[in-house]
Amino acid sequence: MKWWKFNTIYVNGSSLTAGGGMNVPMNKTEYKRLLNIDIGDEKNVTYPKYIADHFSTKLIHEAQSGGGAPRLIRMTYNHIQKVGIENARKTLFLFEITDPVHRIDFYCEKINDYVIVNVRYDNEWDNEGKISSIQIQETTTEDGIYYDHKFFEGEIENEVKIYLEKYHNPVTYTKKFVGELAGLFSFLDANDIEYFYMFDNNTLQTPFQKYYDKLEYRDLKFDGYSCINQFSGFNGLTVSHDLKGYTDDLHPGYYGHKLYAERIIKILTDKLKPKLFVFGDSHTQSFESHNIARSQWSVEYSNLLGYTPKNFADVLSSELDIDVINYGKGGCSNYTIMDTFLEKYNEIQKNDIVVFGWTTESRFRIANEVNDFVDIMPFSPHPKQNDDVDKNTTNQIALNKMTYNIWWKEINNFIKIIKDLLLTENVYFWTWVENDTKYPDRIWSEEMLEDDRLAIYFSRWGASDEDLKDLIRKNSDVIYDYNTDIDVLKIKEDVSKGLKVVIINADDNNKTKLEESNKIGLRFKHFSHINHKKECFKNFIPYRNYMRILEETNNKVDDLHLSEKGHLQLSKDLLNEIKKHSHNLL
Amino acid sequence: MKLKNIHTIYCNGSSLSAGGGLYNIDVKEIYKNSHGVEWDNEKDVTYAKYISDYFGCKLVHDAQCGSGAPRLIRRTYEYIQKVGIENAKKTLFLFEITDPIHRVDMFCKEINDYIIVNVRYDDYSDGRLSDLSVVYSYSPNDNPYSDNFFKGKIESDVLKYIDNFHDPIVYSNRFQGDLVGLFTFLDKLGIQYYYMFDNTKLKNPFDEVYVDLDLKHQLIIEDDVYTTSHFCHKHKLTIKDETHDYTEDTHPGYFGYKKFSEIAIDFIKSRLETTLLKTNELI
């Protein structure tokens, strides 16, 4: 189970989780006699043990008969303090929460540790809620010393009872833990610690129902059963059922724990197992799907190999043992990729992994005659996509998109939106488009040249690409530098002579000079030094020219898509990035 | 000036926030005679009152002399339950947190409410309990029970309990998690709050969590000044200082609270959005 990120399962709860009922020696004997089941340590036949075994994970089983929310809260914080936050993040916490009304977490100086005090208020003749009896549970202290019931009987129990009669109110006591339990869950959430819970009843949830509505994901409730006792009770799976009425004990029985564990394992798998979502063009779409669609290049390549190769998404899926949801679409533009994401992002959960394979910036969309978007693949033999739009027009637009790297700013903004919308941080971007930047030949339009008051204000010269500097040099008659002493009137004079004037370092650091130039009536067009393509590539996994089909097949298949080896290279790079960045995986 | 979307200030803490010492009649007399200032309820001359007045907010002043983190945690959750999450989002919470080691929050059936049990262990070298006092409140204001009410039977019961079922260290440790849980709960709900810690004992086990929390929620007054007590000691603005040693009481004085609140107001203004509109126009 490569996706399972936990090395420990920590469990806390009451007898429902601790194997209550199966700890009674007479019941153990009856299990052996009637069902030939050996129950040694009853915790070994409880649902947490089965879950931990299924996921091959170490188990810390701190549930105890009589334990309630107060003990659970205290011990969970203690455990986290003990192991540290980092280790707690590698632990899956499972909580079974019972009403504290009968379950007091009580410190006892005599044993230097807490004991569980179970209180009953069920005197038939009493309507005032007086304590009818108390029982202090057997306890093993943190330093391993065991104290049985008998140790507490008599003096200690009497003192505790007297105290509780005067200084304890079960309703007030319960109320105290409403907030503290919500506080614990908030703490776990805030620190990225994974947990799930089941509530025996909703006493502790009701006052903060609005808060719990948002925690629905954490609830292990299924088929109307919110806790194991309900599941085992309604399905005839209690100790009493197992032992054919030998006892009246209604705790979950041997089979109850086993079957409950099976259901919880499935729920945990559904909730925690990440899915791989991939968005992109033909490089993302699987070879299998290309073959079904009879894409000539894919069919030819598969035929040559003698099998259908896996693309990077298929490789990642089998490497990580997770399902892939592939939204790749051959020939699509980045607009379609983004659009598909916007339609589907709600499917993506906190643990999921998302990979975007951006396509060439030259592709874009127009509407077709049936009022749908259609992606334009420029400079290709594809037919016109709308009778009103000439191929020459779409080619011109595509050329514009390839010539100016400002179009990559758009993709950069898509990435910002994607990151904001996603619950998961496991999102990776790549592209097959080469990472070099090509600049146009000119920076002046005819209209700009006709304007005798217009100069180009270029921002940070020192931070510019050499190619861009060359472009500026080639396209200017005179370059002024705002970082040096300059005469603005001289600039105006040059501009009015019709010279191509570029002012470099015209940025916020030189505000005064900019204002002076404005005052004397100079007009300007701003030219940013930023290489948007370079900036965009910073969001991607490190660029690499992956092997293409043409190269791998020694020109036998004339196609530039990534080959099987290319996809393996890409999946290896992605896997490295996933391992590097995804602390909650692998 | 109003705080945007905040109509209430809720304050919880110990005597350092509740005006401890300023309820004594003789101390009040001194202030009246020497400084010409007087008050009925000492909570009216604490920083929480000045801050709420400045921002035109309703004040829920829940600080109490002798109380510590356990009561603060319990009462804050109770307050949120009472007003509901939506109203809590329109409340600015101010917390002054003291070590629970001497401050036990205990329910008492006799009064059907919680009492404050202050315990001291500093008279004996072996850490034995040396002093215990049980009160509903140390202040005569809003206090239906005289100090004598708890003397005798109740104090003796409590003493027995403390002897047999209480360990100050274990008791303190219990609230380390609960306190950080409260703060993350407030964060999760988008509730605004600032805190000041008298010392770092309650923070230490969760140091790494407090790195982020401190950045957002620590009320910063001055370098190395984290509470009214630190501030008033540093600037000689305790009751003792302000009454020219009439008393040994080193709780924050009248002018200490005033000065402290001025800095706290500036801090809050720098952190929270303010508006000149009336609060009720925004809600």
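Mentor: Start with the ground rules. This is a predicted model, in which local features need pLDDT of at least 70 and side-chain atom pairs count only at pLDDT 80 or more, while totals for chains, interfaces and linings use all residues. Residues are numbered from 1 along each chain as its sequence is written, chains are lettered from A and ligands numbered from 1 in the order in which they are written, and side-chain values use heavy atoms, with hydrogens and water left out.

Trainee: How many salt bridges are there over all chains?

Mentor: A salt bridge here is a side-chain nitrogen of Lys or Arg within 4 Å of a carboxyl oxygen of Asp or Glu. By this rule, the count over all chains is 50. Take the one between A:R218 and A:D189, with 2.9 Å from N to O. A:R218 sits in the loop between α9 (209-213) and α10 (228-234) of chain A, and A:D189 in helix α8 (residues 170-190) of chain A, so this pair ties together parts that are 29 residues apart in sequence. Helices (H or I, at least four residues) and strands (E, at least two) are DSSP runs, numbered from the N terminus.

Trainee: Which residues are linked with A:R218 in a network of salt bridges?

Mentor: The network links A:K5, A:D189, A:E194, A:R218, A:K350 and B:K188.

Trainee: Is A:R218 buried or exposed?

Mentor: Buried means under 20% relative accessible area, exposed means over 50%, and partly exposed is in between (1.4 Å probe, protein chains only). A:R218 has a relative accessible area of 6%, so it is buried. Compare another pair: A:D436 forms a salt bridge with A:K438, and their closest N and O atoms are 3.2 Å apart. A:D436 is partly exposed because its relative accessibility is 34%, and A:K438 is exposed at 56%. In chain B, the side chains of B:K240 and B:E248 meet in a salt bridge of 3.5 Å, N to O. B:E248 has a relative accessible area of 60%, so it is exposed.

Trainee: How do I read distance along the chain against distance in space?

Mentor: A:R89 and A:I193 are 104 residues apart in sequence, and their C-alpha atoms are 4.7 Å apart in space. A:R89 lies in the loop between α5 (85-88) and β3 (91-97) of chain A and is partly exposed, with a relative accessible area of 22%. A:S563 and A:H283 are 280 residues apart along the chain, with 9.5 Å between their C-alpha atoms. A:S563 is in the loop between α24 (549-552) and α25 (564-581) of chain A, and counts as buried because its relative accessibility is 0%. For A:G13 and A:Y482, 469 residues apart in sequence, the C-alpha distance is 71 Å.

Trainee: What should I look for in phi?

Mentor: Most residues other than glycine have a negative phi. A:N371 has a positive phi near 55° and is not glycine. A:N371 lies in the loop between β13 (364-367) and β14 (373-376) of chain A, and is exposed at 71% relative accessible area. B:D224, also not a glycine, has a positive phi of about 60°.

Trainee: At roughly what angle do the axes of α7 of chain A and α6 of chain B cross?

Mentor: Axes are lines fitted to C-alpha atoms, for helices over the stretch in contact, and angles run from 0 to 180 degrees between N-to-C directions. The axes of α7 (residues 155-167) of chain A and α6 (residues 153-165) of chain B cross at roughly 135° and come within 11 Å. Angles under 35 degrees count as roughly parallel, over 145 as roughly antiparallel, 65 to 115 as roughly perpendicular and the rest as oblique. α7(A) and α6(B) are therefore oblique to each other.

Trainee: Which residues form a nonpolar patch on the surface?

Mentor: A:V24, A:M26 and A:Y246 form one, with about 280 Å² of accessible area together. Patches are made of residues with over 30% relative accessible area and no salt bridge; like charges are joined within 9 Å, and nonpolar side chains (Val, Leu, Ile, Met, Phe, Trp, Tyr) within 5 Å. Accessible areas come from the Shrake-Rupley method with a 1.4 Å probe; for residues, only the protein chains shown count as cover. A:Y246 is partly exposed, at 39% relative accessible area.
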